[in-house]
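We will begin at the ligand and then step away from it.

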Amino acid sequence: MLDGRRVLLIISGGIAAYKSLELIRRLKDRGCAVRCILTKGGANFVTPLAVAALSGDKVYQETFSLTDEAEMGHIRLSREADLVVAAPATAHLLAKMAAGLADDLASTALLATDKPVLIAPAMNTMMWEHPATRANLATLEARGIRRIGPGAGELACGEVGAGRMAEPAEILAAIEVMLSDGPLKGVRAVVTSGPTHEAIDPVRYIANRSSGKQGHAIAAALAALGAEVTLISGPVALPDPAGLRVVRVESAVAMLDAVRAALPAEVVVCAAAVADWTVANRATEKRKKTAGAPPPAIELTPNPDILMTVSQAGEQRPRLVVGFAAETEALLDNARAKLTRKGCDWIVANDVSEDSGTFGGDANTVHLLTADGVDSWPRMGKAEVAARLAERIAAKLGKA
Ligand code: CTP
């Protein structure tokens, strides 16, 4: 429930604005007060009357409307909310936000706000993939602005691709996470997830069977308890969890760079199945097979150990560092040795032997190793493992 919470919803000019009407209704159903700014473009797609009727409040449209400014200035408008949501957020609005422009009420409120901001981008695929939009998005995300979507599919313009605004239910879930008053509120968390890909040449790579399901579930569970989560994900086929920042990487080296950029954090969970080695003789052109020639030799060189690097980060060391031990034999002995060798605080040990069904599956049997000993959990779904681990983390950080 969102009883007593206040959202300032900015509806900018995209056909997806019709979905924002549904979002207002769902927020209201949960007891959330919704105040809306409708941009000039937005008013081409939905009427002020529909927005006002659903939100049960006046709709704000002009910066210099004398009545609006007398009743509620743009500064107060942006500060009185607990959260500012721009849905749909057009390419133009994102560009204005990134540049700090303030030429209408929506962009002025976004510049003046001191509250968290969530954007739900919606646009044509070419616009979404344009380097200008990518750069604007990177700027906004580096400033801590959260994003939900867009999804891929058939777009209103008839083209198929990424750019479709997230569904109202997904945006609502992200809002609930961001407004959560959970025990980890204000705690910064970093989670690594998925495999890494180590390039052999421009078309081939070495990978592993990690699906990212457990790591993604942990990131979502920490966010559900109110943590500010950065999920650093290797290549996976999973959707981005709602309400957190996702950084996608390919190689172990890129993953380490992304983790470093996300620090400081109070808790880091390394759930990624990072490749231990990368290709030393990576070819810049595709390796060709030549009749009669022997197959090429692939030379490997060690990758940096992200878990160990974070555990030994000196002043930047998080209060709690959690690693995983994926083993196929002598599970607890190997996990204990890993805890000492890597210098982390906890290890989540799991059996990934072929008949365990852990890799790619939805369930997991884990043992949590801490300084206090071993806690063996029964076999359960990965989401449940994640929720339990997030609760233990909240208890450890003294916020549960
Ligand atoms: N890990 C990491 N960076 C690496 C390798 C591993 O951060 N380069 C992390 C994983 O995310 C996991 C933990 O270290 O939390 C254990 O990884 P695992 O591959 O199981 O252990 P290894 O160090 O490879 O040890 P071994 O080869 O003995 O299994």
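Select leucine 307 and the ligand: a backbone N or O atom of leucine 307 lies 2.8 Å from an oxygen atom of the ligand, a polar contact (a pair of N or O atoms within 3.5 Å). Taken alone, the ligand exposes 580 Å², and the protein buries 78% of that (Shrake-Rupley areas with a 1.4 Å probe).

This is a predicted model, in which local features need pLDDT of at least 70 and side-chain atom pairs count only at pLDDT 80 or more, while totals for chains, interfaces and linings use all residues. Residues are numbered from 1 along each chain as its sequence is written, and side-chain values use heavy atoms, leaving out hydrogens and water.

At proline 304, a backbone N or O atom sits 2.9 Å from a nitrogen atom of the ligand.

Now show the shell of 14 residues around the ligand, where Cys270, Ala272, Leu307, Phe324 and Lys342 come nearest (a residue is near if one of its heavy atoms lies within 4 Å). What is the make-up of this shell: how many nonpolar, polar and charged residues? It divides into eight nonpolar, one polar and five charged.

Finally, select glutamate 167 and lysine 19, which form a salt bridge with the closest N and O atoms 3.1 Å apart (a side-chain nitrogen of Lys or Arg within 4 Å of a carboxyl oxygen of Asp or Glu). Glutamate 167 lies in the loop between β8 (160-164) and α9 (168-178) and lysine 19 in helix α1 (residues 17-29), so the pair ties together parts 148 residues apart in sequence (helices are DSSP runs of H or I, at least four residues, and strands of E, at least two, numbered from the N terminus).

Notes. A polar contact is a pair of N or O atoms within 3.5 Å; within protein, one must be able to donate a hydrogen and the other to accept it, and residues adjacent in sequence count only if both atoms are side-chain atoms. Ala, Val, Leu, Ile, Met, Phe, Trp, Tyr, Cys and Pro count as nonpolar, Asp, Glu, Lys and Arg as charged, and the others, Gly among them, as polar.
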